[in-house]
Amino acid sequence: MSLPFIPFWRKYPFLRILVAFITGIILQWYLQVRVDFWSTILIISLLAFLALFFLPMFSRFRLGWIQGLCVNAIFISVAAIVTWQQDIRNDTNWAGHLLADSSTIILTIQEPLIEKGNSYKAIASVNYLQQRSSFVPATGNVILYFKKDSAAAGLKYGSQIIIKEHLQPIKNSGNPGSFDYKRYCLFQGITHQVFLEANEFFILPDKNSLPHIKLLYVIREKVIDILRLYIKGDKELGLAEALLIGYKDDLDKSLVQAYTNTGVVHIIAISGLHLSLIYGLLILIMRPVQKIKRLKWIRAFIIISALLLFSLIAGGQASVMRSAVMFIAFVIAETLDKKSSLINTMAVSAFLLLCYNPFWLWDVGFQLSYAAVLGIVIFFQPVYNLVVVKNKILDAIWKLNAVTLSAQIITLPFTLYYFHQFPVYFLLTNLLAVPLSSIILLGEILLCVVVFIPVLASFVGELLGSLLTGMNNYVERINSLPFAVWDSMQVTFLQAILVLFVIWCFYNWLIDKKTKAVFSGLLYLLVFFSLRAYSFIDAKNQNKVIVYNVAKHSAIDIVNGRKYYFVGDSDLLYDGFLKNFNLKPSRILHRISTAGFSDSEERGKLIQFADKRILLIAETVNFKKEQQRHTIDVLIISKSPSLYLNILLQTFDIKCVVADASTSLRKRKYWKKDCETLHIPFHDVSEEGAFILSLY
């Protein structure tokens, strides 16, 4: 006799609630509906749900679908209301609503200052704004940049300052395919920024700090001081800080890139791997009292408190909080002698985290951490069973590889979509890096425990330094191998979803041996490759001129098919950060590779591209007045030359003027005013984002 079929969603009821909640978050963010609408939906749904209980049992059973619809509507509307409330722009006291040119602003520093190359950086909360003759309460967060001097160095968490400088709204670069920095900041309640000289702020004597937050920063700074004292080497220290408490300001950028290329960047980000080690260590420590029933809740309280403390010291990021909530659910279930479904537990943890901050839904770390755990839950056993190893040591190695493979299966579409690359040797790197990083993390905890014994602490510090050096060398060696990373892969959102569908079909075939799943998977693959083929054909036919927004730099790509000719500052060819952050996303998006380069100093000539004529001017040039003016479709100005458009119009008939990000603000204002007078369209790249001229 076969068992009755139980639908997937009935096995994991909380997963249905989570899907409805996520739907509400997405609807509110993209539609920006008034909260009154969602409140009305919530009230109607609740009343309808309660009214069903007054019906006879048979009628209630027959109308079960209405009950389900009401439950979904309740959670969708609740999620939308939470999202509306979390959006700082909907707060009537938001600074963005109250700012005026004459406003005096009182701010509180919300974190220790971070040292940059030429400045200090910190996030501050807005407390009060001066409106006319009085101060009014205000909300919102801003990014402060302080010029390096003794005045700013004294600022700490809780310090209050008064400024009169104009806050500048945070903007995106507008470069094609670039990171949405404005949205990223908005999700944290940050909407403005300002750069302050020494004489542009005044430090108030009073502090505005919360004792428990201050204690966390004190512990964090103490841990950093211990690591800096006993671990030598800049790369080793930066990695040690990131491994233990998620402090990434000292990380070497080239090292991070190597870890990313080899598929072990998850080691650097505090995540489930770290929490699982802490959880396992706590279980081991508390084992002597595990069977004493009178102490079971004390044991649970200690484990939960330690997990939360570590998570908060590590910065309270989405990925680490997800793991903390999940392990806390395990502890509570164990204490109550309840067996919990791992998928249901994951759904509960995600629901609680999204209730706290619905914008974590867009956090890449949040998505990847859940995808990785789900991959391990679903695919570990099938993958592990593919190879039978009798030797215990080899079996342990294969088990570790099976975990890595399982985690990569569902994270694959996310990795392709967000990072446009695939680490070819991820298995080889994870084989050593994961267990070694675990040993290092436990060693760092030991170092903090034995710090009061200098001799022992020095020995542990030297041992950790050697292990960190060995792991870095191993990762960098793997990264230097040929074809270490499959780079510049442009995968759209729809294509990533199709890959997820293929994975789901593969799972159904692997578990239930459903032939139908194979055909469905092949169909999704066909659609995926068809979309890919179309995108390559479309890229082959493109002709574009892209003037990028790179602060204080000139950068222009002339795109012909799948090749681009770069005209701009030569340092952009060698500065990895500027190139990868500003130019590379666009080149991946357009599927283009280099065909040549021209330095900005050599510019000043006319370029004929397709049926358009483009004039690039980077230095003062005197053109001869001619009887018949030449038509210029686009004039691109760089490097702030002495240029008078009314004189230039005696030689050329100019259709459009573009000032790139290397020009001065004063001259851009002058040219813009001239263009308005002469009725010529003007595009300021620094203010409006990248300029794109498409020619087909």
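**Figure 1. Helix α21 gives the most residues, five, to a nonpolar surface patch.** The model is predicted, so local features need pLDDT of at least 70 and side-chain atom pairs count only at pLDDT 80 or more, while totals for chains, interfaces and linings use all residues. Residues are numbered from 1 along each chain as its sequence is written, and side-chain values use heavy atoms, with hydrogens and water left out. The patch covers about 670 Å² and is made by F506, W509, V518, F519, L522, L525 and F529. Two or more of these residues come from each of α20 (493-512) and α21 (515-540). Helices (H or I, at least four residues) and strands (E, at least two) are DSSP runs, numbered from the N terminus. Patch residues have over 30% relative accessible area and no salt bridge; nonpolar side chains (Val, Leu, Ile, Met, Phe, Trp, Tyr) are joined within 5 Å, and like charges within 9 Å. A salt bridge is a side-chain nitrogen of Lys or Arg within 4 Å of a carboxyl oxygen of Asp or Glu. Areas come from the Shrake-Rupley method with a 1.4 Å probe, and for residues only the protein chains shown count as cover.

**Figure 2. F529 and Y128 are shown with their accessibility.** F529 lies in helix α21 and is exposed, with a relative accessible area of 51%. Y128, in strand β3 (residues 119-131), is partly exposed at 38% relative accessibility. Buried means under 20% relative accessible area, exposed over 50%, and partly exposed in between (1.4 Å probe, protein chains only). The C-alpha atoms of Y128 and S323 are separated by 37 Å, and these residues are 195 residues apart along the chain.

**Figure 3. The second largest pocket holds about 470 Å³ of space.** Of its 20 lining residues, V223, F310, I313, I445 and C448 lie nearest the centre. At least two lining residues come from each of α9 (211-230), α10 (234-245), α12 (272-285), α13 (296-313) and α18 (426-449). The lining has 18 nonpolar residues, two charged and no polar ones. Ala, Val, Leu, Ile, Met, Phe, Trp, Tyr, Cys and Pro count as nonpolar, Asp, Glu, Lys and Arg as charged, and the others, Gly among them, as polar. On a 1 Å grid over the protein atoms alone, a pocket is an open set of points with protein on both sides within 12 Å along at least five of seven lines; a cavity is a set where a 1.4 Å probe fits but cannot get out, and lining residues have an atom within 4 Å of a point. Grid points are joined across faces, edges and corners, and a volume is the space filled by probe spheres set on the points.

**Figure 4. The structure holds one cavity of 30 Å³ or more.** The largest cavity has about 30 Å³ of space. Its lining includes W94, V126, N141 and H192, and has five nonpolar, five polar and no charged residues. Strands β5 (141-147) and β8 (190-196) each supply at least two of the lining residues.
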